[in-house]
Each structure stands twice: as C-alpha cells, then as structure tokens.
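Could you walk me through this structure, piece by piece? I'm new to it and would like a guided tour.

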Amino acid sequence: MSTETKLDRRSWLSFASSGVGSIALANLLSKDSPLNAGSISPEASDPAPHHLPRAKRVIHICMFGGLSQVDSFDYKPELTKLHGKSLSSEEKPDVFFGKVGLLRKSDWKFQQRGENGLWVSDLFPHLGQVADELTVVNSMFAETSNHTPATFQENTGFRLNGFPTFGAWMSYGMGSETDELPSYLVIPDTRGLPAGGSINWSNGFLPARHQGVIMRSKGQPVDDLFPPKNISAIRDLESRRLLNEINRKHYSKRAADDELSARIASYGLAAKMQMAVPEVTDLTKESESTHQLYGLDKPETVDFGRSCLLARRLLEKGVRFVQLYSGGAFGSPRINWDGHENMKQNHGREAGRADKPLAGLIQDLRQRGMLDDTIVICTSEFGRTPFTQSASDKLGTGRDHNQNGFSIWMAGAKMPGGRTYGSTDEIGWQATEERTSWPDLHANLLHLLGIDHERLTYYHNGIQRRLTNVHGSVLPELVG
Amino acid sequence: MICVAQRNHREIISFRLVITHKIRQRQKRYHTISRNHVQHSMQCRSYETLSTRQTMQQFQTKVTRITLMLCMSSIFVTPNVYAENKSTFDAVAPIFIRHCLQCHQGNEPSGGLNLTTSVTFTSGGDNGKPTENSDSGISLLWDRISSGEMPPDSKLTNTELANVKDWIRAGSPWPERKLHLFDMTTEQRAGIDWWSLQPLNQTVIPPEFRDEPNPIDAFVKAKLKDTGLAISPAVGSATLFRRLSLHLHGMNPSQQNNIDLFDFKNRYNEHVSDFLDSPRYGERWARHWLDIARFGESNGFERDKSRPDAWRYRDWVIKAFNKNMPYDQFCRMQIAGDCLPRMGNEGTIATGFLVAGAYDDVGQSQQSAAMRAVVRQDELEDYVGTVSQAFLGLTTNCARCHDHKFDPILQSEYYALCAALDGVKPGRREVTPAAVLAETKKQVDDLKLKIKKTTSQLLDLENTIRREASNQILGNDKSQSLILQPIAHWDFEQDFNDKLGNLHGKAKGGAHLENGKLVLNGKQAHVLTEPLEQPLHAKTLVATVHLQNLEQQGGAAISLLSNSPNHFDAIVYGERQRGKWIAGSENFIRTKDVSALPESLDNDSAQPIHMAITYATDGTISIYRNGEAYGTSYERPNPIYYPGKTRIGFGIRLLPVGGNRMLTGHIHEASLYDRVLSKDEIRSLSNGDKFLSNQKLAGLIPDEQNRSRTRLRSELHRLLNKNIQVQKQFTYAVQPKQPQPTHRLIRGNTATPAELVMPAGIASIQGGDPMFELSADSTDRDRRIKLAEWITSAKNPLFSRVIVNRVWQHHFGAGIVRTSSDFGFTGGKPSHPELLDFLANHLIKSGWDLKELHRLIVTSKTWQQAVTEDPRGDRIDVDNRLLWRGNRSRLDAESIRDSILQMAGQLNESGGGPSYQDFRTFNFNSQFYEVLDREGEQYNRRTIYRMIIRSGRHRLLDAFDCPDPSATAPKRSRTTTPLQSLSLMNHPFTIRMSSHFSNRVRSEAGQRPAEQVKRAIQLAWFRLPTSEEQKKFTDFVHEHDLESLCRVLINSNEFLYVD
C-alpha cells in the first residue's frame, strides 16, 4: 500500500465520517488507483497527529501587495526622529524599483493597546481593540521582493510555480471534517483575483482534490454546483438515480475495484455539497448584530465583511482551511496593498475595507468559542521600505517592497495574545532578532495543528517533498 | 577482456547491498540532518567535496580503479603478501563508507576527523587519533564504536564490530586507496554501483519460454512462474479494440461502424499498424511528452503573458511522433536542434522544450542585479531539472545547494550541467520556411515585372493619345506640347480645394489666401490635404513658388508625406545647399546635391518660379526649374506611396510643424501627376500652358483608346495596391546567448561563488563520456551539442531505460520502474529488470523506433490480458506488479473530453496550427484569463490543441487531474472527488454535448426510443444493451428525454473506464 493510499484512507475517513461514510466507503475511496505513482513503503510519511493538536482549522488572510510594517504593527520611534533624513548605510540598499528616497515616519500614530500594551497604529483601530488576541511577528523576511514569487513563497515555501500551497498540504495531511464541502476554500477579493490567479491555490504535485476551490462571497459561489435551469430538478434527480443504477450494475461485476465504487460514492457526496453550499453562503441567516460586527452595514466594509463572515460559516461547517484575499491584481487604479505612490491613500483605503471585518471575525470566533481551536493568520508577501520610493534627496509619499523585514499577525489556538515576537532594526528595514522565514512560520502553523512538518511528506520526482523543504524550525517562544 | 569486463560487472551487482532498511529510517536520517538550519549548513559543507572538475576526473579514474580492484579481488587469487592486509581493510572500508563518511569527509569533516585516506585517518581529529591507545586498550576508534556512541544514527552489527576490531589489531592497514561516499550503495544512499547507472545488461530471453512469440511474454511468464501465478486470458475483441484506441490514440475509436469485431483479432496486426499510422497517434503520445516538458503557452508568474507562437513546438512533437522520428534524434533536437547541422527551422522549433516552462519576466526586469541573479539561477534549475528528469530519470537539481543526498551526483556536477545550459534563454525566433521566403520573392518579382509592363503600355498609349490629340488641336505647331490632366490640381484662387479630385487641403498655422496665392510665413503656416485615394509609384510634383526670402533653409513648396511607412518626397529649397532646390527625402535617401546656380536676385528669383520633380518607377529622379533641367538626373530606389496613409503638404517639408521645415513664400498653383511628365510637357507647363482635362480629352480620341486607357490605369492602380509581404513565422524557443563562466555556488547562494566549473555530464552514469573537453569561454553551440551527444548516446544506460519505461507506463498504468522520472535511490526498483534492459537494447537495435516498441507491447499476451479478479493473485501481488492480469484504466482529462466530442459527433479532427483559445482575456497590468465554454467548430478540436495558459486552467480538465503545467508531470495522479462529479454532471460542456449526442443518435437511429437507446449504448459503451438495460433505458427516454440519457452515459463508469 502506498503512502498516498494510506493518507487517502485517513483523509477519506474523515471526509466521509458523517452519513454516507462508513469504514467500507472510506476503504473504497481510499485508493487513488491500484497503480499509484509511489511504490513507497507506508513508513514514508506517518499519519498525523504527531502530537496533541492545538487547532484544527485555519483561516488565512492574504494582504496582497505588501503591508507596511512600519505603518501598522512595527512601532519605530527612531524612524520618526529620522524623518526626512537619508538612510545611513554604506551600501545602497537593493530594492525592487531601485529608488531609495529619504526616510519617512509613519503617517499613522502608534498607540499601545489592550491590557498587554501591544503597539498598533491608527491604521487598524478596530484590530487594536482585539490587541490582546494578537501575536505579532515583527521579524519576518522573504527571499524575494518580487510580488508573485514572494506570494508563492508565502503560500508554498518556494519561489517557483508548481508547488502545493499550505492549504493543499493541510488538506492532504488532515483531510476534512465535513463531507459536504471541500477541505480547502479560497475567497478572492470581490474586486478581482490576485496576479497569477489559480496558481496561488494550486495543489502542485499533490492529488487534484487538494486544490483550493474558489468560493465567491458575491454572485455564484461555486461553479457547476447545479445544472442549468432548463434541466428540471426532477429530471436531474431521475438522471442521477439512473446513473447510480448503471454504475452499480457495472460495479457488481468488478467488485474488487475500489475506485469504481468511490466514483459511485462521489456522486452522493456531490449531492450533499449541493445542499450545503446554498445553506452556508446564505448570510441572511445571521443576526443584525453579527452583520454590524463584520461591517456589513457600511459600504466600505461590506465586501470584505461578507468574505469574513462567510469564512467563519465555512469553518463552522468543518472546512479545514479558508484563504481570504484582501487585494486583487496589480494595475492601475491599485486594488491591493501595493502602496508605491501614496501610502496614506493606498493603505488608508485598504485598511478601511479590512480592519473592522477582521476585528469582527476575531471577536465572533471568540464569542462562539471557536477561537481556541482555530488559527487566524494574516500575512503579506513582504513589507515596505522605511524610506520612500523617490529620488535620493526627496521625501516621497510611497514605499517600495521590502523583503528584509516585515510583520504578520496570528490569533487563536490558545496562543497568549497581546505580544510580539522578533524585531527589526531601529528603523524597521531589516529583521534582526529572531529572524523568521516562511518555512519557519509554516512549521509553526503545522505544529499547532499537531503535525510535525518534517513528517508530513509526499513523494514527487525523486524527493519526499515537504512543505518546509529542508528548512523550518518550530519556535516554542512564538507559539507559546 | 570482454569476459573479464562482464564478469566484473556481475560481481559488482552481487556486491551491491540489498537495501532492507525501511525508508522511514532514511527519512529520519534526512530529517536529523535538516532539523536545524545551522546544523544543516554544516552538514552541507561537509558534502562539498571533490568539487573541482579536476577532482572529478580523479574520481572518474578512481571509479574505474575501484571497479578493477573489486574485479581483481574477486576473480584472481591475489598474491599472499597483500592478502591479509587487503582482506581486513576490504572488510572495513564498506563499514566506513556506509556508517561514517556521510559526516567524516570533505574539507570540514565532523570533529575534524576525515576517514577517506590513510593519511587523514592517522592524523586524526579534534579528539585525537583514532589509532591512539585508550581506556579499552584497543583504540579511540574502538571506544567510540563499541560504546555505540558512533555512528550516531545506526548501530554496527557484531560482525562489523568484529571486523573493525580485527583490522585495528592488524595495525589498521590502509592500502593506497581513497574512500568516497559514492563508492557503494548504502542504506542511506546510492553509490556508483546503483543499478540504473550500470551499462545495459545483454539480457537473454528466459530459455524455458524461448518459444513465446513475443519476448515480453517470456520475461513476464518467467517471473510469474516463481510465484505460482499465470497470466490471465485475453480480453474480448470489443474491449481490446477500445483499449488499443485509448492507449494509442487517447480516445474512443471513431471507426466503430466499419470494423468487423468478429474478425478483429484475426487481423489484429493490421489494425495495430493502422492505429500507429493515424495522426491521432502523434496527438496522443505528444500529450504524454508535453506533460514531461511542462509545456505551457504563457509565462506564469505575475504577468502570465501569453506565448502566441509556442504551439509550433507542440506541433513539432506531434509530427515527430507521427513520423516516428528516432527517439535519440527527437531528444537531440530538443536540446540542441538550433545548433546541429541540417536541422533548419525544425531544429529551432524543437528547442521549445528547454524553455517550455514558466518564465519570470518581472523578476528579470527588477532593478536589483543580485535579485536578478537569483531569478536566473531558478531558471537554470528549471532547465537542468527538466532535462535530467526527462531524459535521464535523475533529479540532479537536488544538488543545487550541496552534493546530492541520495544519488552519486556532486554539487559541482549540477553546476557543470548549468554551465552546459548557460546559453539558454527563451525568446521569439523567426522560423519562416525558406520555401515561403522564396515564394514571396517570386511573387514580388512577378509583380514588379507586371507593374513595369503595364506602366510602359500606359505610357505608350498616352503618348499616342497625346500625339493624336495634339495633332487635332495644335495642327502642325510643334513648339507646344499638350499636357494630360494631373490627378490633383490646386489653383489657390478661392480655396484650398483640389480642382480635379478629392485631395482638398486645410489651412493650418495661419496659412491663408491672398490674391489667388497661398501665403506661407515660414513659421507654422502650411496646408495639409486629405489622404491619397490611389497608390503612387511613378509621379511628378509641380508647384509655382514665389520665394519671399532667398536665405531660408529647408522649407518645401510641395511634399508627399507618408506616415506608414514613414517617408516623404518634396520640392525643398535651401536645405543642404544655400539657395538651391533639391528633391528632399527622409534622411536624404532620394536626395542628391545639384550643380546649378543658386537663386539670387540677379536671376529671375524675384518672380514666381516653376518647379517640377519627376520620379520614375525605375528610380530615375529629374528636377526642372522653369521648364529647364536643373542638375542632372539620378537614380534611387523609388518607394510606393499607399492610399490612406499619404497626404500632400504645402509649405512644409515633413511633420511635425516648425523649425527649418517651413517655407516662407507664396504658392500660385500646384499639381500632382501619377506619371513622369516629359521635358516638353514640363516646359509647356512652365510657359503657362494649361493641361487638357480628361473630359475634353475623351471627346477627342476614339472610345477604344479611352477604354484602353481607363483599363490600363485601373490595372496599374490594382497592381500598385498589391502589398506583398513575407508572412513571417515565429516560434517560442531558445534564444541563445553567450554563456558566462559558471561557478559552483556555495549552498546554492549567488553571493558565494566558489571555483569555476566547466560544462560536463554526470560521472557516475557508466558508459558515456561525461567530459565535454570545453573551456569556460566555449560557445553555447558547443556546449549544447556536447550535452546532447552525451545524453542521447546509446552507451548512456539511463537514456534508453527511461524512455522504454515511460512507454511501458502509459500502456500498463505503471512503469517497470514506477517512478518514471526518478531512477535514483529514492525512486523505485524495476519489477522486471531483465525485461527493462531487453526492451532498452531492443529499442537501440531498432534504431530508436518507438512505433516498433508500441507494436511489441500491444501484440503481447501480457498487454492483452483481461482485468480478472483472483483473490489468490491479490494475496500474492495485489498491486499487479508481476502483471498477472490487465489493469483497468480511467480515461484521463483529455481523453474524456475528446471522447465526448467524438461520441457526440462534434469532434473537429483538424490538427496543427495555432491553439484554440477557450477564454476571454483582458489586461489589468497583468494578463487575466477567464475560461469559458466556447461554442463553435474551432473549439471542438482535440484538447491537445487547447491553448495552455498557466493561470487559465480549465475546471473540468483540472477536476480529472490535468496537471499544473508549471512543473514536469511524469505520471498523472488519478483522483475521485465530488467536485469531479459536479463538474461532469453540470459543466456547460457536458450539457451542450449531451444535446449534440442525442441529436446524433436521433439522426442515426430515427425517432423510435428503443432504437435510440441501442445506438446510444453502442456509441458510449461499444456493445449492445442487455434486454434489461434496453427496457430500463427506453422507459427512461419515454419518461424524460434522450438528452438526459446521454448526460447519464457521459457520466457512467463504463464510459470513463476501460477494462
């Protein structure tokens, strides 16, 4: 039995644990095919959990474009003092557009918030109100300051196309808690997909079922969920009934083939999904106060608010991994966090859309008792420069990409909140203390999910591949 | 000698360790190494051994020496003098290699102790000398190993311990031999003795089954015999037919009406030939190859720009399979087709393979050179990784940061391959076939000839007409000549209009009329007309000008201005020579200085001057001033001015307005002729004679001549309007650059280059010559040719084994080696090693004939087996590794779509050419693609002709495991998911095709549901319905409709799987 077979069985077990799923069915569904690629011994990857998990689901907010750390969570009083001065450095810093202007203080005031006094700027006043839930990592660094490879790295650990994303790995490693919905769902920004589109939620070399499935918070939520209107419900039902009969008859002469019965069962599961999706996407079932909590009552927050609320409803249903994009493609006018020209305008607008819904999400998860076993993580592919993107003697209004140091935050999974991990230099240019890479972060997220990142592997082209490649360390001080 | 060599080989095989340890332990070891980054780096450093090319050579000789040594020790009785020493060391060396060298070697060995040579061993490490006496009284080395402290991750067996002890007691004798981690395969890694790296064995057909007509069956039966299993009976004709079609063509058979299934097996070989000769074969097998080539038609990454010319590579692959191009040539061309002689454009197109993957154009255009260097290294990894996986089944790219952890591949060898491919960059290359170029040239020449002929006919006729008209009007007065009507004439009396045609002018910049003259101020003032309505080749420009300033430089009286292509012809004053007129042109291309007197108040320049310039089709240019030749005539190539793109300007030489391009003066009148006026005509004009209007002329000459004139003029216009241009063809392929010197990069980091590395192959692959003998400044051409030669050599055992295994995999669902792109340590072992080598040899002997290989496989009993069920077989070999039954296969994504189209009677079989684009695309800085279900014949081509956009994936195809085109996919996964079911039930394509399917059935079976059911089942399942099915389905059609039945059949397992 191959690695995959084994994992499949497990994931299908959980996928099918309620209703249709019996052990037998799980068995039937378990085999990719009797001719699987890997002839790997079952020891190649051992089943999770590898230790007691602290969380069982993740919601990942991608602030696409590059959130400025020095304007949000990385408080740098020294930068205020140096405002208008040039960077004192021997070498000219290497930045994406090659323009190193004068240092610029944050356009937003910083305040200590919550009981623990976490520094959060006025860019995120609502998140500031839940500061005690947040763990901020101020010492992130990336390998590239080019958006798309950096986003790949954020999601897959690699700079290149073709690797599975965190969500795909999680789906592969843990399966789903529901048989009604896919285990990995992606809610894109209502203004458009991020650059690279579906490459950003690819299953890479993992089997196709671990690919992220788009669920829109506006319009038709999932493609192909129902037949077109000219096929009546009764005709559709009768067709599926006939199909089931035909396939069962066909299977009866080929009873040793699990794959055939898995296909039969998959139609049953599809029917469940048809029931579940309209139900889960119907936000009218939520109370008025919940709507307000997520900002559904305000035009600037309604879009992202709906996405956040939908995400919570999906998690409640047992979806493992929901990825939420704050920001769409690059272009003009900008619809993401890529504040090259004018930080105040750009970040002001983007935060205005996202701040309240995010704070609402955390509060909501907390009051529903879900936050303790959910990881909420909010990241950006890289940060922004403490100096402006302008001529070397000019104080501009925009900031360039910064791969050397930036901030992300997490909440939930019983992490002690209201604290920071790691730090950058005095102006927020480079991570210095507790430098944290993407593989490190991924390793810690898996750790919280009860998975040893070195033991979750998949054989592909000569290598037992890992999400963390040959890198990544679990950082006890980070995860608490 | 041959005998010795063979014997030697066999000895090595038997010497090879049987790997019994579980992979988990290997994993554990691997993880221990990488648990901590610092530790990992240290580990990496210790791998960095034997790094220079020089040491590579030493290593290579050493390999040979060891081989010889092993051979000698096992075959010959070695002299007694060495016997004792050698035997004890020979027992210890494998222990060191297996358990110690991973850490204790290289420049920075663990604890400073290097266990590779006698010298480093005796000099010891940080904790002293291993031979030193110690507490135990034996030695420090003994203390460490006997206590279990070393090796840290495994335990030495008692025998191993005893052997070491004996060796120490014997005084630790160490003959002149350097140990290397690659010397032998261990529990943790492959050495140079790894099975796939050895030359092909000349395997013979098992004697017991020598009578089997097909050697494949002999090998398979021999293997099965040991287990007590036997091969299963053959499938029935219908299934065999369908299986053959799906395997060779990738879709359901289309000829089902014409084939006599009763006779199918009798004429099986003919059918196989037919299948292999069909163009559908190339389309199928090209798809398998494109998976390996990670072929996509867009860049991926941020902008995902499309590659509209990339399809030529796809077509080349299809054609290569259909032509049955020898496999070695097929591969040589993909690596170096543009460098090899006599390959022409095909060779260039073939290199599309190297660059078929994603390309980070944004990364390459960023400001930071350091970051660009990283992007380039990522590109090289893509090239090297794809080349070595596709052709060699080796994951050399694992050695980018350190020596390969599992296979005998040095880090420096990875960079040697990078060096071999360093000249590779993607780009758009012109591949216009020579025949197309020649044909175009011929067309252009023909056209020129026709123009010349027509022009001279017209001129002859006009001369005749003029003579006749002249006779009628002027009688015998020869002092004047009659001028025919120009195509445009401006008299500037009342307005700026053309008095003959539609080339009306518009005054700009203050140009105005005064007493029947156009007044120009030399600053902004000018007149521009409507564009030309006919092409102009031969022409005459005429203007009567009154200069207001003789010192002005560069203004023009009249100018013919074309914006595309950008050229002009003008009567220009004073531009290059003070006070003189020239035929002005862009960059003076049709300009020549004149030897004539400059204008001055001494001559008649105070009066209006009559200027004319004639341009003949043959390029002759003549200038006339007041009816007299001005300088001498000269020749320059004469361009054609096209309608719509050409205007006439007055007072301006060329746009934009301003500078010295503007004329100061008055223009009294101007004309434009579409022919060359004669000297007499011009003189006559300058005397103030008026031209003869067409209308008047027509009255004077016979109708016959009028008609001829009109015909010739329109014929000439038609010819001049013909714009023959070469239809240039491009392809997305390698755009070579001069390679830069390549350095090994410490830990793969571009900031830490180590020694220079020359282009070369991998030394541990036995048989070929990995030394390319190239210098650091060698050309891209030499590098890729050498690389291609080394890879595609018949002596390279991996090259033939890998392809044979790939073909096998697609016929049986799994390869003889199941990891078809990895023949290294982490890959699989062959289930039938003898058969694999037999087939590899067979392929080479056949001249790399892939169709012959297919024929051999599909005519075997092994391949024709039914998918039987046998609990005993399952007990012994549930995965069917030994091939005791057939394997059921599910149609892959493309086969499903193609077969549905086929079944619905909608398949458009036209092959080749640009891909169909089933998406809407828009640009928002990046390129975005919205995949749609497009209707129309062009979208109903086989799926291989779909434009593969990396971010524009097709959800129905994706659901059925169509791989992400960003990474090479040697084998597709096969999954079953609810989304798949939803997609196949509800995707607009299914719905649309169900309807087409039902229409086809109705047209073929008529209106009776019973007949319709029969036909539908036949088309979907290749059999007739059972009576039970017949009744049930007919009822269903009665109750619902035929479309619904068709939709059900598309979703049925009997359609999606073939037994």
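B:Asn587 sits in the loop between β10 and β11 (609-615) of chain B; helices (H or I, at least four residues) and strands (E, at least two) here are DSSP runs, numbered from the N terminus. B:Asn587 isn't a glycine, and yet its phi is positive, about 50°. Most residues other than glycine have a negative phi, and most peptide bonds are trans. B:Asn587 counts as exposed because its relative accessibility is 71%; exposed means over 50% relative accessible area, buried under 20%, and partly exposed in between, with a 1.4 Å probe and protein chains only.

A quick word on ground rules: this is a predicted model, where local features need pLDDT of at least 70, side-chain atom pairs count only at pLDDT 80 or more, and totals for chains, interfaces and linings use all residues. Residues are numbered from 1 along each chain as its sequence is written, chains are lettered from A and ligands numbered from 1 in the order in which they are written, and side-chain values use heavy atoms, with hydrogens and water left out.

Is B:Asp961, which also has a positive phi, buried or exposed? B:Asp961 is buried, because its relative accessibility is 4%. Its phi is near 70°, and its place is the loop between α31 and α32 (978-986) of chain B.

Chain B has some cis peptide bonds to look at too. One runs from B:Met150 to B:Pro151, with omega near -10°, and B:Pro151 belongs to the loop between α7 (140-146) and α8 (158-169) of chain B. Another goes from B:Leu655 to B:Pro656, with omega near 0°; you'll find B:Pro656 in the loop between β15 (646-650) and β16 (664-673) of chain B.

Now for a sheet in chain B. It is open and has 6 strands, in the order β3-β6-β15-β8-β9-β10, with antiparallel pairing; two strands pair if DSSP finds at least two bridges between them. At its edges are β3 (505-508) and β10 (581-585) of chain B, each pairing on one side only. On average, neighbouring strands of this sheet are turned by 15° against each other, direction ignored; axes are lines fitted to C-alpha atoms, for helices over the stretch in contact, and angles run from 0 to 180 degrees between N-to-C directions. Strand β9 (residues 566-573) of chain B is joined to β10(B) by 5 bridges, in the antiparallel sense, and B:Ala570 stands opposite B:Gly584 in β10(B).

Helices meet in chain B as well. The axes of α18 (residues 369-392) and α25 (residues 797-812) of chain B come within 7 Å and cross at roughly 75°. That makes α18(B) roughly perpendicular to α25(B), the word used for 65 to 115 degrees, while angles under 35 count as roughly parallel, over 145 as roughly antiparallel and the rest as oblique. In α18(B), B:Gln389, B:Ala390, B:Phe391 and B:Leu392 meet B:Leu798, B:Phe799, B:Val802 and B:Arg806 of α25(B), where contact means heavy atoms within 4.5 Å.

Further along, B:Arg941 lies in the loop between β22 (926-931) and α31 (955-959) of chain B. B:Arg941 is buried, at a relative accessible area of 8%. Leaving aside neighbours within four places in sequence, its contacts include B:Arg897, B:Leu901 and B:Tyr916. The C-alpha atoms of B:Arg941 and B:Asp898 are 8.0 Å apart, though 43 residues separate the two along the chain.

Over to chain A, with 13 helices and 16 strands. Of its 480 residues, 66% are buried. An open sheet here has 8 strands, ordered β6-β5-β7-β1-β8-β11-β4-β12, and its pairing is mixed. The edge strands β6 (213-214) and β12 (419-421) of chain A have a single partner each, so one side of each has no neighbour in the sheet. Strands β1 (residues 57-63) and β8 (residues 374-379) of chain A pair in the parallel sense over 6 bridges, with A:Arg57 partnered by A:Thr374 in β8(A). Helix α5 (residues 147-156) of chain A packs on the sheet, touching β1, β7 (321-326) and β8 of chain A, and makes about 170° with the direction of β1(A).

Last stop: strand β15 (residues 457-460) of chain A. A:Thr457 and A:Tyr459 point one way and A:Tyr458 and A:His460 the other, and all are buried. Antiparallel to it runs β16 (residues 463-466) of chain A, joined to β15(A) by 4 bridges.
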